[in-house]
Amino acid sequence: MAARKSTARTEAAPAGVPTFTKEQELLAYREMLLIRRFEEKAGQMYGMGLIGGFCHLYIGQEAVVIGMQMAMKQGDQVITGYRDHGHMLATGMESRGVMAELTGRRGGYSKGKGGSMHMFSIEKQFFGGHGIVGGQVSLGTGLGFANHYRDNGAVSVTYFGDGAANQGQVYESFNMAELWKLPVVYVIENNKYAMGTSVNRASAQTDFSKRGSSFNIPGEQVDGMDVRAVKAAGERALAFAREGKGPYILEMLTYRYRGHSMSDPAKYRSKEEVQKMRTEHDPIEQVRARLLEGGVTEDDLKKIDAEIREIVNDAADFATHDPEPDPSELYTDIVR
Amino acid sequence: MPIDILMPALSPTMEKGNLTKWVKKEGDTVKSGDILAEIETDKATMEVEAVDEGVLGKILVAEGTQDVAVNTPIAVILGEGEDASAVSAPAAKPAESAAPAPSPTADAAPAPQAAVPSAVANPPTVSIQPDPEVPAGTEMVTMTVREALRDAMAEEMRRDGDVFVMGEEVAEYQGAYKITQGLLQEFGAKRVVDTPITEHGFAGMGVGAAMAGLKPIVEFMTFNFAMQAIDHLINSAAKTLYMSGGQIQCSIVFRGPNGAAARVGAQHSQDYAAWYSHIPGLKVVAPYTAADAKGLLKAAIRDPNPVIFLENEILYGHTFEVPKLDDYVLPIGKARIARSGKDVTLVSWSIGMTYALKAAEELAKQGIEAEVIDLRTIRPMDVPTIIESVKKTGRCVTVEEGWPQSGVGSEIVAQLMEKAFDYLDAPVLRVTGKDVPMPYAANLEKLALPSVAEVIEAVRAVTYR
């Protein structure tokens with residue numbers, strides 16, 4: 001896939017957003033590209049019938065999870081909703097295991113019993129993967145409760161979307177998190193559409209950073225397409241939570257390029273709107289442009305692209321040929 | 001006209017209380033709103049306020065008297081010009097203006113027909129067979145179900161620092177039903193956590209904490225309120241082990257009173273045993289005795305799986321013998337033969353046992369020996385114990401307060417059809433709560449619940465007598 005023509009700006013970071021070192025830019029580029037290519041491949045495999053059910057792609061939102069991951073420390077937990085492949089890859093979970101779960105094979109993270117929306121990794125402190133909109137917000141607050149109980153210095157990074165932000169349990173959780181000063185960073189990924197309903201049609205208060213204000217939870221809006229801005233905001237929020245000051249809300253202004261799920265024709269928005277985002281704000285193209293300007297060559301980037309493609313192809317190959325779970329697995333892992 | 005002050009009821013299920021203190025003395029002038037006395041039950045202490053004006057003419061129940069029945073006259077207020085000599089004997093009739101009576105009780109209703117003993121009002125006097133889990137010769141102590149549950153939690157919290165309890169009013173208030181009494185004092189606010197009234201949120205938080213490895217005990221003030229949270233009990237707690245391919249376990253107990261209390265209406269009187277029994281990934285426990293409450297709650301807290309622990313408000317105050325053992329833990333998923341018999345098998349659990357045991361006692365007088373099985377755990381269900389009994393008796397009646405359709409009794413019937421058909425000499429009958437929302441009126445509520453008479457009738461039907 002050739003580099004897309006981009007008008008992404010390469011100016012200095014906006015005020016308050018530190019510039020990245022070359023190493024950081026390369027890391028962000030590589031990690032975001034892995035999610036992009038992984039998701040594109042998942043889309044293809046869905047089309048081939050290898051992946052079933054729902055499949056919610058993260059394409060366009062990559063800077064959010066990578067910027068946050070770059071701000072997090074070892075031991076911090078991640079929990080999210082059903083658009084979760086990017087979050088898993090960002091925590092370092094293996095492409096093979098994620099892809100094999102998508103295809104329902106025994107080598108998947110949940111032995112093929114979870115699917116796209118339900119994967120976990122204790123090792124990477126990734127707590128799913130939840131299919132009920134908003135459910136992960138209470139659960140993530142519980143992870144924060146456990147950190148507080150154990151006084152272990154870890155922070156729960158709890159992701160949810162603009163749609164989930166209208167669920168009642170979100171505010172029940174906000175209330176308790178602030179009441180008990182739990183170490184939770186709520187990352188609201190505002191990609192402007194809750195399935196087919198735009199934020200303006202669903203939300204009385206469309207500035208989600210203010211959704212915690214009646215609980216005195218600080219919040220800020222962040223350019224979720226700029227990985228540098230995400231990382232900087234993530235560091236502020238994580239430091240706040242880690243110091244025992246309680247939860248913090250980051251509203252990431254982002255955009256999903258694909259439909260809500262594979263079966264969504266996305267007729268609720270114009271092609272022009274999507275195209276404008278892709279050409280002017282693409283999170284990966286922004287980094288790519290800065291890298292080229294900073295002296296990294298096209299060849300250097302091509303090498304990275306090839307490595308990523310190799311990882312994704314290997315994952316797809318594994319996920320295609322790995323056997324389905326043994327029928328005996330039907331009755332395992334119900335109770336312990 | 002002298003006015004009787006009656007022993008008030010403090011809660012829907014209160015039947016008696018202690019008169020701890022008289023604040024006013026005989027001869028004192030009282031105005032409406034004055035505090036006359038303090039009374040207490042095992043749940044709370046409350047002040048009795050005067051409703052009428054006059055002079056406290058005579059105190060009929062002395063300070064320090066225990067177990068004063070609700071509606072007993074405790075004092076007489078004299079109007080202008082009346083004197084204490086007018087009060088020759090305490091009036092037995094109900095006074096028009098009782099002292100506060102914060103909530104009316106079933107006692108205000110006409111007395112139940114004498115032919116049908118009310119199982120609920122009085123704990124059955126029948127003896128229950130000793131539990132085979134308890135070594136012979138073990139010293140027994142008498143305690144209420146309430147105390148047994150509290151002791152179970154306290155013992156497990158002493159044993160494991162990861163165990164904590166959270167819920168509404170569990171800490172400073174000492175528990176809405178006083179099940180967590182004293183826990184805050186012993187374990188502190190970090191481990192005994194008062195939550196806002198926010199079931200959906202704190203149930204999810206509890207599950208999240210369990211996913212991170214803690215062992216929460218989540219108290220619902222009643223299971224009626226857990227409907228707000230049922231998504232997390234099922235979608236988050238019960239399914240995660242499976243969905244994670246065995247990676248993430250969720251060791252958590254959801255506990256609280258379940259089922260009908262007394263006169264609290266349709267939204268507060270529902271039995272959820274069948275609901276949770278339906279869900280793979282959950283264990284569902286519903287004890288009857290204090291010993292089982294203790295041994296099974298300790299087991300539930302240690303269990304690596306989510307356990308729905310269904311208590312019963314009316315049983316909280318019932319007393320039973322509990323073995324005095326350092327660490328009394330019972331196996332989840334094992335029924336207990338509460339009474340041996342050869343003619344019919346009665347299967348019940350929780351408060352249903354009060355009907356089953358009373359019925360068995362009555363039936364014995366009629367020459368029918370019922371074997372009574374206390375299921376104790378609804379899921380996993382100890383079907384083999386039921387079948388073994390049915391092999392002997394050839395007949396079976398199930399007893400539950402829950403609704404008939406898709407009830408736990410229905411499941412037992414289906415299991416017997418599939419696995420013990422050849423041993424049955426009669427169709428299996430179910431005695432259940434009626435297929436209606438719980439009415440408020442005392443007489444209708446009584447009709448909506450199962451009765452001892454219905455159990456006896458069902459047994460007579462299956463034994464063809």
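Of the 465 residues in chain B, 54% are buried. The model described here is predicted.

Chain B contains 12 helices and 22 strands. Its radius of gyration is 24 Å, close to the 23 Å that the globule rule gives for 465 residues, so chain B is as compact as a globular protein of that length. Along the principal axes, the C-alpha atoms of chain B fill a box of roughly 80 × 60 × 45 Å. Contacts between residues at least 6 apart in the sequence of chain B join, in 76% of cases, residues at least 24 apart.

**The seven-stranded sheet**

Chain B holds an open sheet of seven strands with mixed pairing, in the order S11-S10-S12-S13-S15-S14-S20. The edges are formed by strand S11 (192–194) and strand S20 (377–379) of chain B; each has a single partner strand, so one side of each is left without a neighbour in the sheet. From one strand to the next, the twist averages 20°.

Strands S13 and S15 of chain B run parallel and are joined by six bridges. S13(B) spans residues 252–257 and S15(B) spans residues 306–311. In this pair, B:Ile252 stands opposite B:Pro306 of S15(B).

Helix H3 of chain B lies across strand S10 (163–167), strand S12 (215–219) and S13 of chain B. The direction of H3(B) is at about 165° to S12(B).

**The contact between the chains**

The contact between chains A and B takes 36 residues from chain B and 31 residues from chain A.

By class, the side of chain B that touches chain A has 15 nonpolar, 18 polar and three charged residues.

**The annotated span of chain A**

For chain A, an unreviewed UniProt entry carries the annotation "domain: Dehydrogenase E1 component" over residues 31–327. This span of chain A is 46% helix and 12% strand, and its end C-alpha atoms lie 36 Å apart.

Technical notes: Residues numbered from 1 in each chain as written. Chains lettered and ligands numbered in written order. Predicted model: local features only at pLDDT ≥ 70, side-chain atom pairs only at ≥ 80, totals over all residues. UniProt positions renumbered as here; feature names shortened; annotations may be inferred. Helix = DSSP H or I, 4+ residues; strand = E, 2+ residues; numbered from the N terminus. Contact = placed C-beta atoms within 7 Å. Nonpolar A, V, L, I, M, F, W, Y, C, P; charged D, E, K, R; others polar. Rg over C-alpha atoms; globule rule 2.2 N^0.38 Å. Buried ≥ 20, exposed ≤ 12 C-beta atoms within 10 Å, placed from the backbone. Pairing = 2+ DSSP bridges. Axes fitted to C-alpha atoms, helices over the stretch in contact; angles between N-to-C directions.
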